[in-house]
Amino acid sequence: MNAPTRPENLAPFGEDYGPLLTGPFAPLADESTLTDLPLLKGAIPTDLNGVYMRAGPNARYAPQGRYHPFDGDGMVHAAHFDQGRLTVRNRWVRTEGFQREDAAGRATHWGIRETLLGRDDKPLKDTGNTDLVAHAGKALALWYMSGEAWELDPITLETLGRSKAIAQTGGKISAHAKVDEITEDLLFFDYGHDAPYMHYGVVGPDGELKHHVPIPLPGARLPHDMAVTEHYSVLHDLPVMHDPEAMALGRHKVVFRADMKSRFGVIPRYGKTEELRWFDFSPCFLYHVVNAWEETDARGRWITMVGCRYMPVTRPDGSIDEQRTAKDIAELVMHARLWRWRMNLDTGATEEQCLDAGHNLEFPSYNSALTGRRTRYGYFVDHSDDVILQWAGLRKCDLDTGATLSAWRDDPTQSWYSEPWFAAADHPQSEDHGYVIAFQWNAAEQRQTLDIFDARDLGQGPVAQVLIPRHIPTGFHGCWFAASRLKPRS
Ligand SMILES: [Fe+2]
């Protein structure tokens, strides 16, 4: 069914602002609440209850200077499923920077590509546009470079304010904090330009800060994610950092150091800095962990972490091209392979292995009820090798073997899916009993849909597809907020 839905609600940004503010990236000019949306296929499952949320950039005002997707004001798009009824909403995250610009009626911040030296009047804007986590009945909007945690009502998407627990640390929080949905602990880290360069902390199910310790690194780094298991957290020290000379001039230039190791630091969930143990691996960047867990075999106790290893660009002789690797990382050009790292807590031994050399897999999800516990299934996007943030297909993989279990492409070249999230069915009978949910923009047909798949077999295509009469710009991370977790625990 061809149902063009080219919106009239795009922000008035023209081609002058480049491809990251036009086409699939074009920001919206307003907020909306949509109900009674037409189904193109199937029916909304009645055993799917909760909220699929997705964060992304949505610049409200024409930017000053060069634009990067991390600069765009955070906007959350959400699909609320309630007993077969669907409501789709979008709201900006009302960060401090958003509020200042709202009052000024124009952009008053520089972006991350611009020099910051001597520009204290126009600070860098923490946009809260990168990641969402569901914790203690609220959604937290987080920014990639470490910022505030902005609390949102997961249904209305109203910005409730700053997380008091994170503010209490006197520091910040990076994107990709983790929630142990069994204990409802929030595990987080931050990173920055000044020693000790990283902190790690825990917020309890009551929203109170329970733990916060420094994680000294040899220098400033640009980590992106962390991992957790039932008893440990795993922090990342990767050979990717800002060039210190450029930084002294107020510029952001990413460098990759092929002569350095990747290190993963294992710390007990409530551990002290002295209890942190580092494990060395081959040099790489790592945007996204899928999941991690503890396991024991004849060789001792292991922590296993599965993630999407950013494959360094190599020259014909096999050596790493540091400059091209750094440039691709900075510009979000991704070349990732499903990878497994193992760390032996008894012997200190390490192992690493590529699980699937054939697919550029990124923006992973899994059954988040099992965060930190052994999971067999991961759900990914097929990432374009050269188009920034274009994800034309979805793929389910076995996290033990790397094998593709099922995959789906609606339109091999024109689809732009959002990060898919696994949403368990009510009363699930297995790890993959549930749905995989993603927004899809078809660029050729100018058509926006919400696609719902049976997670047990993506290959049969969506079991429900809903037409959305508005464009949803390409964005970053999503999460699934199960109905049972929408209220804080009493
Ligand atoms: Fe990310």
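Trainee: Where is Gln-446 in this predicted model?

Mentor: Look at the loop between strand E30 (434-442) and strand E31 (447-454); that's the place of Gln-446.

Trainee: Which loop holds Leu-332, and how do you know whether Leu-332 is buried, exposed or partly exposed?

Mentor: Leu-332 sits in the loop between helix H4 (322-330) and strand E22 (336-344). It has 14 C-beta neighbours inside 10 Å. The cut-offs are 20 or more for buried and 12 or fewer for exposed, so Leu-332 counts as partly exposed. Leu-332 also has a positive phi, about 65°, without being a glycine.

Trainee: What makes the bond between Ala-195 and Pro-196 stand out?

Mentor: That peptide bond is cis, with omega about 5°. Most peptide bonds are trans. You'll find Pro-196 in the loop between strand E11 (185-191) and E12.

Trainee: How do you know that E12 and E13 pair?

Mentor: Two strands pair if there are at least two bridges between them. Strand E12 (residues 198-203) and E13 have five, in the antiparallel sense. For instance, His-199 stands opposite Pro-214 in E13.

Trainee: Why are E10 and E13 called edge strands?

Mentor: The open sheet has four strands in the order E10-E11-E12-E13, with antiparallel pairing. Strand E10 (178-180) and strand E13 (209-214) each pair on one side only.

Trainee: What makes strand E6 mostly covered?

Mentor: Five of the five residues in E6 (residues 131-135) are buried. Asp-131, Val-133 and His-135 point one way, while Leu-132 and Ala-134 point the other way. In a regular strand the side chains alternate between the two faces of the sheet.

Trainee: What does E6 pair with?

Mentor: Strand E7 (residues 138-142), antiparallel, over five bridges. Leu-132 stands opposite Ala-141 in E7. The hairpin has two residues between the strands, and Ala-136 takes a positive phi near 50° there.

Trainee: Which residues touch the most other members of the largest nonpolar core?

Mentor: Val-76, Ala-141, Val-234 and Val-436, in a core of 120 residues. Strand E20 (residues 285-297) gives the largest share, seven residues.

Conventions:
Residues are numbered from 1 along each chain as its sequence is written. This is a predicted model: local features need pLDDT of at least 70, side-chain atom pairs count only at pLDDT 80 or more; totals for chains, interfaces and linings use all residues. A nonpolar core is a set of buried Ala, Val, Leu, Ile, Met, Phe, Trp, Tyr and Cys residues joined through C-beta atoms within 7 Å.
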